[in-house]
Amino acid sequence: MSAEPNKYRILIVDDEESMRDFLSIMLHREGYHVDTAVDGAQAVNHLRDHSYDLVISDIKMPRMSGLELLAHIKERTPETVVLMVTAFSTTDEAVEAMKQGAYDYITKPFRNEEIRLIITNALERRELRQENLALKEELGKRFSFEGLIGKSKAMQDVFTMVKKVAASPVKVLVTGESGTGKELVARAIHYNSDRRDGPFVPINCG
């Protein structure tokens with residue numbers, strides 16, 4: 001019995017029909033949306049027509065190798081996770097694939113549970129990365145300099161000062177009466193500085 005369909009779409013790329021069928025049947029049963037390609041060139045056509053969360057590709061294939069396909073994916077859709085499949089004799093190429101951006105590689109023959117776990121972890125990691133990027137984008141919009149409202153000369157002077165200190169490593173003390181936007185200014189400095197990837201911790205000293 002097949003599992004309930006989920007949101008993830010997977011592309012399997014392998015010139016061995018038996019491997020394509022095996023992975024396709026297994027992943028369909030797990031509830032994934034699955035497409036297959038016989039080589040990298042056909043995979044490129046699929047990637048042109050659809051967006052994939054995960055690509056599982058053999059390394060040794062005719063017309064277009066797995067490494068060439070990996071380069072194509074990372075150039076056009078870097079958020080797509082790529083899992084390489086290799087024979088024991090091509091482990092060095094699998095390591096090279098990792099250097100070029102593959103999430104992981106698995107050697108043939110492999111156990112069902114092994115590849116299931118790798119796929120689950122890869123998709124969970126992709127989901128987390130996408131959530132982090134969305135959060136950073138939202139924070140960037142919310143606390144950009146454009147988020148500081150004010151057209152007076154005094155406010156424009158504040159904007160200029162915020163831009164200067166955001167680009168420097170100096171410590172900054174923001175003062176002002178309650179409700180004047182001290183925390184908004186502090187957040188704008190933080191999220192436009194080199195420290196934006198670190199935590200912002202507001203402390204109420206009142």
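Helices (H or I, at least four residues) and strands (E, at least two) are DSSP runs here, numbered from the N terminus.

The model is predicted, so local features need pLDDT of at least 70, side-chain atom pairs count only at pLDDT 80 or more, and totals for chains, interfaces and linings use all residues. Numbering runs from 1 along each chain as its sequence is written, and side-chain values use heavy atoms, with hydrogens and water left out.

Now the overall picture. The protein has seven helices and five strands, and along the sequence they follow the pattern β-α-β-α-β-α-β-α-β-α-α-α. Of its 206 residues, 36% are buried; buried means under 20% relative accessible area, exposed over 50%, and partly exposed in between (1.4 Å probe, protein chains only). The protein exposes about 12900 Å², with carbon and sulfur atoms supplying 53% of it. Those areas come from the Shrake-Rupley method with a 1.4 Å probe, and for residues only the protein chains shown count as cover.

Back to α1. Helix α1 covers residues 17-29, and its 13 residues should span 18 Å at 1.5 Å a residue, which agrees with the 18 Å between its end C-alpha atoms. The expected span is 1.5 Å times one less than the number of residues. Its buried residues are M19, R20, L23, S24, M26 and L27.

Strand β3 (residues 54-58) is mostly covered, with five of its five residues buried. L54, I56 and D58 point one way, while V55 and S57 point the other way.

| Partner of β3 | Sense | Bridges |
|---|---|---|
| β1 (residues 9-13) | parallel | four bridges |
| β4 (residues 81-86) | parallel | five bridges |

Within these pairings, V13 stands opposite S57 in β3, and V55 stands opposite V82 in β4. β3, helix α3 (residues 66-76) and β4 also make a right-handed β-α-β unit. Right-handed means that, with the strands pointing away from the viewer, the path from the first strand over the helix to the second runs clockwise.

Last stop: K108, in the loop between β5 (104-107) and α5 (112-142). K108 counts as buried because its relative accessibility is 14%. Leaving aside neighbours within four places in sequence, K108 is in contact (heavy atoms within 4.5 Å) with D14, E16, M19, D58, V85, T86 and F88. Two of those names have come up already: M19 is a buried residue of α1, and D58 is a buried residue of β3.

Terms used
Two strands pair if DSSP finds at least two bridges between them.
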